[in-house]
Amino acid sequence: MDVNLQLFLALSFLCVCFCQHLNGDALASHLQKFANEGMGLKDLQAHYDSLRYDRIDVNGHDLVTKLSQEIGQKFQYLEKAAKSIKIAVEDKYNSFQSSSTFENCCDVTGTPNLKFQANISLDSPCWTVSPKSPQIKKFPSAEVGTIMKNNFDKNNNLLWQYFGGEDGTSFHFPKAKVSTTSCKSFDPRFRPYYAAAATPTAKDIVVLVDTSTSMHRTDNTDRTRLRLAKEIATTALTTLNPNDRMAVVSFNPESLKPTQGCYTNQLSLYTSDNERYLTKFIGNLDVSGGSDVILGLEAAFHYFGNSSAPSEGEERYQVILVLSDGADSPSNRNPLDIISDENAKLENRVHIMVYGIGNELNQDTVAKELLHNMTHQNRNNASAGTTKIGFFQIISNAETVRSNMGRYYSFFKSSNTDPVISAPFLDTFSRIGLLISVCLPAYDKTDPSILLGVACADVKLNDLFSDANVFNEGDSSYIFIIDRKGRTLKHPLLPLSRTVKDKYTLLDISYLERAHGTGAVIDAMKRRQTGSEVITASTRTMARGVVLSEGILTRTARSTYYYAPILNSEYSICVVVGDGAKISMLPTKNRKPGVFVYHRRDIYNDNLKSCRNFKRKATTEHSIVKFNSHAYNDIGSYLYEEENTNTVERYTKFFNGDPSTANPGFTSEVVNSIIVSIKAEEIWKTKTDLSLFIIWRYFGTNDGFIRVFPGVQLTSDYDHEVRPWWRRAKAQRGILTMTTPYIDAWGAGLVVSICQTIYIGRQDGRAHTNTDDVEGVLCCDMGLSYLYRLLIKLYPECKTGNTCMLVDNSGFIIIHPDFVDPNVKESERKDAVEEIHIVQKESDIAKDLIANSVMSRQSCADFDNHKLQYTYRIQLNAGDDHITGTGYGLWKVAGTNVFLVRKTTADVIDQCCTNIPMVSPTEKTCAGGTCECLCHTPISFDICLNENSKDGISGTCIAKTPDSSSTAKPDILDGLQDCYNPICDDRTHDFDCYSVAGCSWCVRDNRAPLAKPCCRGVDTCDFGTVLGGKQNVCAGPEDTTTTKSPSTTVSPDNLNVAVVVGAVLGSIVVILLIVIAIILYRRCSSRPRHKPSDDYLTALPSIRECPDGVVNPQYAGLNTSNLGGPPPYEDGPISHLQQQNATPNSYNAMPELTNSSTSSGASQPKYQGNINRMPPNTIPTEPKQ
């Protein structure tokens, strides 16, 4: 090529590079090509659009009626089970023995059971006895155990059945260790179910504790009277119910009340927090001075006067429980007069109960008589209302406090014979998942005032509401369930009941249903009415990914609320149906071979060839399928059935069309969806040109399953619908969503997931909108290093003194040069890369974005923890595609959730968030600045009433769903070849190395930089650093970069002449290039820009986007097809026939390469583009014939 032509082409290239108007479109175009050519987005959506769905209107009235009956029937079965145990206990109580022939629950070993999530034995019951039980106790007979076993055999929804005795004994079926940590101290009388059944009537109780000096006496025991009083007081508190209210006062010469907030003068609702605080207050009481019971009584009555009275028609006890060794008072006033005067103000609603403490009361007749008269309120004014009689009892034995309090619990006995449904509580046995108990108290037949104990049948909340849990009638419809008090048991904003492991608070429905008009619906539900109501702006809330980091997305829809009481219970259910909501049913498809491979390839031989994909055993011959609970008609089939070879064989035969295999329990929707979704696999197999760039491809559906390719085993509890990538894509439907980088647990290094929704198909030809219902979410995983190299290929300015990065619309950094810095220690990589926010790493930019209202804080209310959680949102004004700030520019990458940022200034001057890694927003309180770490502010909360303020709060946070996926055992990879062999060792330039997934350019080991960098697999050298202390990883044949061609001989004289001539000509050419380039640049730069100060990013055109032969000088002499990124799409992918004819079994990640030198001087292997010439060490992706 002559010099003139070289000059022309070089100047043409300069003009192209300097004169074109550029933005984030180049990256947007490449990402869209990834989606279409790698994931198959366009083709898969077209496939679903070609299907003829059956669309049925959602009938809310019929749905709510059906669900009310189905759930109500389960309650009926539970009631029958509990009643049968109660009757057996009452009938056989006289035959109960003082010892049991059954095994002690604390000694049970048992075998693992998925349903119970504990080691159990179904052959018999077991027993426990509390260390606080009296000396004389009785254990249930064998007949009671037989009845429990029969109940279990008849009802597969039953969980635990038990009888808790008033003497502290308990009898359980099936037998299991009731607690791994405190079995021997287990006392049924302190469990929530016992209190609910033994004292079902709501009550307000003020505990009045005598702390005079005399309470320090021991009465011939090692426990003081005060300690005995404290045990009675804490026992009374810990056996209250969620409807009860409480307070504590002590008295000596003064009355002492809690000093914190509302506890000082207000009854507090029974919650775990309130009980914990008052129990601590009791524990800190100490004796001092004399006694003045009058001051204590006045303070106790003050609590009732300051708190709301029972509502009309409400049955609620109001009680003062006095704990004293003698009700002395130094004043001339009589305690009976104080009781009369104060109770008259309350219409004589208050009972007085007295536990006399200590042996001396048996001899002190005056003190004993006064305490007795206080309970009868002998001086009360009858005109104020009927006097409520309490009781008086002396307790002197500290060893049997709970047993001696039987009269207290019998006092609150209800004449109502209906079963009592407990509040949800955490399973004592497995410590995971919420249960409710349906219980009935058992009484002595000879004396019905004597409580024998409580008989119960448990059910998992998840099983009880299983019919509602599988409700999936479009994105605009949902279900919620409340009790008579308006406390919420099920709602889309609450966590799944089966995942709860810690404390659980029953939130009032008013925090979750806040749209105008819903109050009337809730009131009707509390009254257990049936009806419907149209709400014009009902709120739908979705998580934008990780709730604490990314917040929520809300939208409104005109909706109809259909509600009805659930039969045989105190619950009501509501079905919310958005206007126009339809059930979209896939067309019925015939099952056929080849559509299904289950992920449990470890227990079933599917005859597919296995290969190694990073650290996982996989297959490229088929995608795998993994189900979640939505796939099954009975959720128990998913949760409780052990998967074995027979299970997988039934699944495989059924879905692959075996006519002799019946449906194993899957919904009709999932059966059709499995068949239809095989199209995703077909697309993935044909789109092979990007196989070396994509690590995994997967498609999760609303019907309850996920497809993954290459096929790989997932953990048994993996649920795609709780994963952030699923939530993020569904909330931001219609655009590509990128995750922040994370270290892949499967060995692929730093990975970014790219996802987009697939809509339910439509055949009318209209474009989909973000209000359409979603069929599923399609994703692929790609290596961060590869994406970074793609970024700097598209924008070469990123390598010339500027810092380029990608940031998502929540402000989290996806790509940053520091993320691929080889100098970061392996142990510090995770904290340095995962979930790094722009306010942490690029505070100057964050501040400017906030100042320009491009980045703003959003909030949602976590009412459970009384916190307003703040997250960030980046959003340009309508019509804008970029903003130029001080030292940076930000461009919207169209069709995605990300922004391209180019920083031209030096390091951050003033950090506004120094926490790396970031402290959890739940732990960090906002300081009040405009730019700060993710944080929270407290919500005004009345802890006594358990009420949060809703003032100024716009949205309620959706449940923070923990990743409950267990950790799989490492795969055995011995003898497996790579699924896709990137041939890392043969790549001699960093761009070439990072142009495929699975390779890393090694530049240093754990000691120092390498003398000669090289390309190796990520299992050897990830992020540029040699892993695991390996040595000499780049050692190989002698370096040949300076070897002369054998056909060329150059004499010293010829060499000198050539050098001189070349230098002169080269200087002339360079000078001319510089002069003409400056002239052209000035002309081009004089063209108007959006903003004069904007210094645009320059995208690097592909070799075929410039005129023929034009080469970017930055890469002159390099192999231009080796600049990273996928092979040029303009060339077209390697044909499918070429792939089949490959000598086993490689993908050519690169077009034809020349044998030119790299920038490091190493020679390149000469691959001529013919795939047959590549090494035979990969596995084909085509199914075996």
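Arg857 lies over the face of Tyr870, 4.3 Å from the ring centre. A charge counts as sitting over a ring if NZ of Lys or CZ of Arg is within 6 Å of the ring centre and within 35 degrees of the ring normal. The model is predicted, so local features need pLDDT of at least 70 and side-chain atom pairs pLDDT 80 or more, while totals for chains, interfaces and linings use all residues. Residues are numbered from 1 along each chain as its sequence is written, and side-chain values use heavy atoms, without hydrogens and water.

The whole structure holds 39 aromatic pairs. Rings of Phe, Tyr and Trp (its six-membered ring) pair if their centres lie within 6.5 Å; planes under 30 degrees apart are stacked, over 60 edge-to-face, and the rest tilted. Phe596 and Phe627 form a stacked pair, 6.0 Å centre to centre with 20 degrees between the planes. This pair links distant parts of the chain, 31 residues apart. Phe596 lies in the loop between strand S25 (582-585) and strand S26 (611-613), and Phe627 lies in strand S28 (residues 624-627). Phe596 is buried at a relative accessible area of 2%. Phe627 is buried at 1% relative accessibility. Buried means under 20% relative accessible area, exposed over 50%, and partly exposed in between (1.4 Å probe, protein chains only). Trp725 and Trp726 form an edge-to-face pair, 6.3 Å centre to centre with 80 degrees between the planes. Both tryptophans are buried. One aromatic cluster comprises Phe596, Tyr598, Phe627, Tyr632, Tyr651, Phe654, Phe655 and Phe666.

Strand S24 (residues 572-578) is largely enclosed by the rest of the structure, because 7 of its 7 residues are buried. Strands (E, at least two residues) and helices (H or I, at least four) are DSSP runs, numbered from the N terminus. In a regular strand, side chains alternate between the two faces of the sheet. In S24, Ser572, Cys574, Val576 and Gly578 point one way. Ile573, Val575 and Val577 point the other way.

Two antiparallel partners of S24 were examined. Strands pair if DSSP finds at least two bridges between them. Strand S20 (residues 478-482) is joined to S24 by 5 bridges, and Tyr478 stands opposite Val576. Strand S23 (residues 552-565) is joined to S24 by 7 bridges. Here Thr560 stands opposite Val577. The hairpin of S23 and S24 has 6 residues between the strands, and Asn568 takes a positive phi near 60 degrees.
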